[in-house]
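Here is a walk through one protein model, going from a few single residues out to the chain they belong to. Keep the viewer open while you read.

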Amino acid sequence: HLAQDNPGSLNPHPSVPDKYKNNPYYWKEKKEVQNWNSRYEVINYCMGLPGLNLNHPEVKNEIFNFLDDLVRCGVGGFRFDAAKHIFDQNELPNGTANMSLNKDFWVELRNAARKIKPNVFFIGEVLNKQIPSIGPYAPGFDSLWDFATEDILAASVGSGSTASLLKTLKRNVDGLTKYDDFVPSYLLSNHDMDRSISVILSKCGVNATDGLGISPEDPIETVQAKKLALTRAKTAASLYHTLPGLPWVYYGEEIGITGIRYANNDISRRDSMIWTKDRKLSPKWQNKNQMVREQNKFTPSVEEQSSDPNSLLNHYRNLSALRASSEAIRKGKYKASTWPGYGGAAMMAFFRELEKADGTKETVFVVHSTSDIQETRAVPANVTATLLWSSVPGKTASEEKLTSIVLEPGESAVFNVIEL
């Protein structure tokens, strides 16, 4: 869509050239969406702004030209919203291969951009919970968000129901890493979803929006539940940061900002970042009637969490340090664990294997404990394993050769491994 001539109007802005503005075939119907559950209305009508008819070849060419201008100005990448709705089955004749039209559009668009900037980055939103519906768009993008994994990760870890999680993660990873010149992108939530911390707090049986911080008035049961929620939030973060692909952090997730859909609106999911303890740098821009009352009142600020080695924020920083230091975590392929005792709900494990240019192979073994007790597992006799990284503060990399792996409740760890 484009800018309007006046607030509330569905007519294009005067700066739009007349040859486009006056051609009715370039535009969607001048009707506002009334029923947001109607895909036909959402695709064919306007959303408060004049909508372009992307099925018109001249409109498409203008988009290509605009993208070309942006790339030449130095733009390095693009995030494309609603990528599956460029050509929708509800706006085309029955039997039209809209999937092929969509894929061809994005392939053509990226090819045009790559002629100007070979390493331009395209990431797309295909909002679907099924990998077979996301994957076919891969040829037109460098990455797509894996909403199938997002749909289960925080909820499964938050509830402690992880018995089948590893198997599901492998299926999703296999479904998106089979495409050439493509990496999946992972997230726990975004601006259109209940925040992952709210999901986890709710699964742990406490208020979904107050925050992870402990109040002096909290009964012991609530204190214990919040501590459990923090541990599980760290585990969820560790999981998606160690899968093959790109982890994306929705602002505030790294400090545990909460938010849910409220009053039939998404505004509450988009609360302000909490930078300081006094919250003077966190303006409340939202209409208070659209926000859950006292949401995030117990969420610790960046300032407070920075000095706490056990905070969620420092856990995210620790994960970033892992990814910066380990090429195998950033680029290695996913391989299911073959070690006895590491495939269950309590100890979820997998390998990341990287074939290097010199013909050598770097392998790391990733282990996530979802247990509430200390867990110990043996290292196979034909393997040398040394600690590369741990989520436990103060537990650092070591060259000590291990005969067993011991993890504390909720701990995640990565080990360098060499088969003898």
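Isoleucine 255 is found in the loop between S5 and H10. This is a predicted model, by the way. What does isoleucine 255 touch, once its neighbours within four places in sequence are left aside? Its contacts are Met273, Ile274, Thr299, Pro300, Val302, Gln305, Leu312 and Leu313. Looking back along the chain, glycine 211 is 44 residues away in sequence, and its C-alpha lies 9.8 Å from that of isoleucine 255.

Most residues other than glycine have a negative phi. Asparagine 264 isn't a glycine, yet it has a positive phi of about 55°. Asparagine 296, also not a glycine, has a positive phi of about 65°. Is asparagine 264 buried or exposed? At 67% relative accessibility, asparagine 264 counts as exposed. Asparagine 296, on the other hand, counts as buried, with a value of 0%.

Here is how the relative accessibility works out for several of the residues in this report:

| Residue | Relative accessibility | Class |
|---|---|---|
| Asparagine 264 | 67% | exposed |
| Asparagine 296 | 0% | buried |
| Alanine 385 | 1% | buried |
| Serine 9 | 12% | buried |
| Histidine 56 | 18% | buried |

Now for a strand. Alanine 385 belongs to S10, which covers residues 383–390, and it is buried, at a relative accessible area of 1%. Which residues does alanine 385 contact, beyond those within four places in sequence? They are Val379, Glu400, Lys401, Leu402, Asn416 and Val417.

Next, a helix. Arginine 232 is in H9, spanning residues 220–241. With sequence neighbours within four places set aside, arginine 232 is in contact with Val157, Gly158, Ser159, Gly160, Ile200 and Cys204. One of these contacts, isoleucine 200, is 32 residues away along the chain, and the C-alpha atoms of the pair are separated by 7.4 Å.

Over to the N-terminal part of the chain. Serine 9 comes in the segment before helix H1 (18–21). It is buried, with a relative accessible area of 12%. Its side chain makes a polar contact of 2.6 Å with the side chain of aspartate 5. Leaving out residues within four places in sequence, serine 9 is also in contact with Gln4, Gly48 and Pro50.

Histidine 56 sits in the loop that runs between helix H2 (39–44) and helix H3 (57–72). Its relative accessible area is 18%, so histidine 56 is buried, given that the class takes in values under 20%. What does the histidine 56 side chain reach at 3.2 Å? That is the backbone nitrogen of glutamate 58. Beyond its neighbours within four places in sequence, histidine 56 is in contact with Tyr25 and Tyr26.

Finally, zoom out to the chain as a whole. There are 12 helices and 12 strands in the protein chain. The radius of gyration is 24 Å, close to the 22 Å that the globule rule gives for 420 residues, so the chain is as compact as a globular protein of that length. Along the principal axes, the C-alpha atoms fill a box of roughly 75 × 60 × 40 Å.

How many of the 420 residues count as buried, as a percentage? The figure is 48%. Of the contacts between residues at least 6 apart in sequence, 62% join residues at least 24 apart. The accessible surface comes to about 20,700 Å², and carbon and sulfur atoms account for 51% of that. As for charge, the chain carries 48 positive and 49 negative side chains, and the centres of those two sets lie 1 Å apart.

Key:
Residues are numbered from 1 along each chain as its sequence is written. This is a predicted model: local features need pLDDT of at least 70, side-chain atom pairs count only at pLDDT 80 or more; totals for chains, interfaces and linings use all residues. Side-chain values use heavy atoms; hydrogens and water are left out. Helices (H or I, at least four residues) and strands (E, at least two) are DSSP runs, numbered from the N terminus. The radius of gyration is taken over C-alpha atoms; the globule rule is 2.2 Å times the number of residues to the power 0.38. Buried means under 20% relative accessible area, exposed over 50%, partly exposed in between (1.4 Å probe, protein chains only). Contact means heavy atoms within 4.5 Å. Accessible areas come from the Shrake-Rupley method with a 1.4 Å probe; for residues, only the protein chains shown count as cover. Lys and Arg count as positive and Asp and Glu as negative; His and the chain ends are not counted. The place of a charge is taken as NZ of Lys, CZ of Arg, CG of Asp or CD of Glu. A polar contact is a pair of N or O atoms within 3.5 Å; within protein, one must be able to donate a hydrogen and the other to accept it, and residues adjacent in sequence count only if both atoms are side-chain atoms.
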